[in-house]
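Dear colleague,

Please find below the structure that I promised to pass on to you.

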Amino acid sequence: MAFLFVSGLSSMRRGLWEKCQEYLRKINRDIAQLLTHSRSIDQAFLQFFGDEFLRLLLTRFIFCSATMRMHKIFRETRNYPESYPQLPRDETVENPHLQKHILELASILDVRNVFLENTIDDY
């Protein structure tokens, strides 16, 4: 819902909603895989993975942070959520694979124009 809100959408067809929900599940699985395969992540984050709710909270936090970094409205770093200890940015919120997923979701919703294409180069 937050992705829709920041993209300026207030409603959609049921079939499109279900397609987006399925795609978001794939994104969450991929984020979890990024975290578990990371060599530089603080081990405190991996302790979240034993609990389904905390794992979902962490993957959604990363999705939210990556989305905000790519969105044209949220260009100031003070707009980005933070975590302590810090997540390895290049392996999580600035990961090209995750950025590709966000742009694909934006394309499915026909709102790609509100997102930056080459966000890593824009910092």
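In this predicted model, Leu24, Ile27, Asn28, Ile31, Ala32 and Leu35 of helix 2 meet Leu56, Leu58, Thr59, Arg60, Ile62 and Phe63 of helix 4, where contact means heavy atoms within 4.5 Å. Sorted by class, the residues of this contact are nine nonpolar, two polar and one charged; here Ala, Val, Leu, Ile, Met, Phe, Trp, Tyr, Cys and Pro count as nonpolar, Asp, Glu, Lys and Arg as charged, and the others, Gly among them, as polar.

Two packed helices are described by the angle between their axes and the distance between the axes. Helix 2 (residues 14-37) and helix 4 (residues 52-70) pack at an angle of about 100 degrees, and their axes are 9 Å apart. That makes helix 2 roughly perpendicular to helix 4, a term used for angles of 65 to 115 degrees.

Phe63, which is found in helix 4, is buried, with a relative accessible area of 12%, and buried means under 20% relative accessible area (1.4 Å probe, protein chains only). Leaving out residues up to four places away in sequence, Phe63 touches Phe3, Leu24, Ile27, Ile31, Ile102 and Leu105. The C-alpha atoms of Phe63 and Ile31 are separated by 7.8 Å, although these residues lie 32 residues apart along the chain.

Turning to helix 2 by itself, its 24 residues should span 34 Å at 1.5 Å a residue, and the end C-alpha atoms are 35 Å apart, which agrees; the expected span is 1.5 Å times one less than the number of residues. The buried residues of helix 2, including Leu16, Cys20, Tyr23 and Asp30, pack against helix 3 (43-46), helix 4 and helix 5.

Helix 5 (residues 96-108) has 13 residues and reaches 18 Å from its first C-alpha to its last, close to the 18 Å expected. Among its buried residues are Leu98, His101, Ile102 and Leu105, and what covers the buried residues of helix 5 includes helix 1 (2-6), helix 2 and helix 4. Just after helix 5, Asp110 takes a positive phi of about 60 degrees.

A note on conventions: residues are numbered from 1 along each chain as its sequence is written. Local features need pLDDT of at least 70 and side-chain atom pairs count only at pLDDT 80 or more, while totals for chains, interfaces and linings use all residues, and side-chain values use heavy atoms, with hydrogens and water left out.

Terms used. Axes are lines fitted to C-alpha atoms, for helices over the stretch in contact, and angles run from 0 to 180 degrees between N-to-C directions. Helices (H or I, at least four residues) and strands (E, at least two) are DSSP runs, numbered from the N terminus. Angles under 35 degrees count as roughly parallel, over 145 as roughly antiparallel, 65 to 115 as roughly perpendicular and the rest as oblique. Buried means under 20% relative accessible area, exposed over 50%, partly exposed in between (1.4 Å probe, protein chains only).
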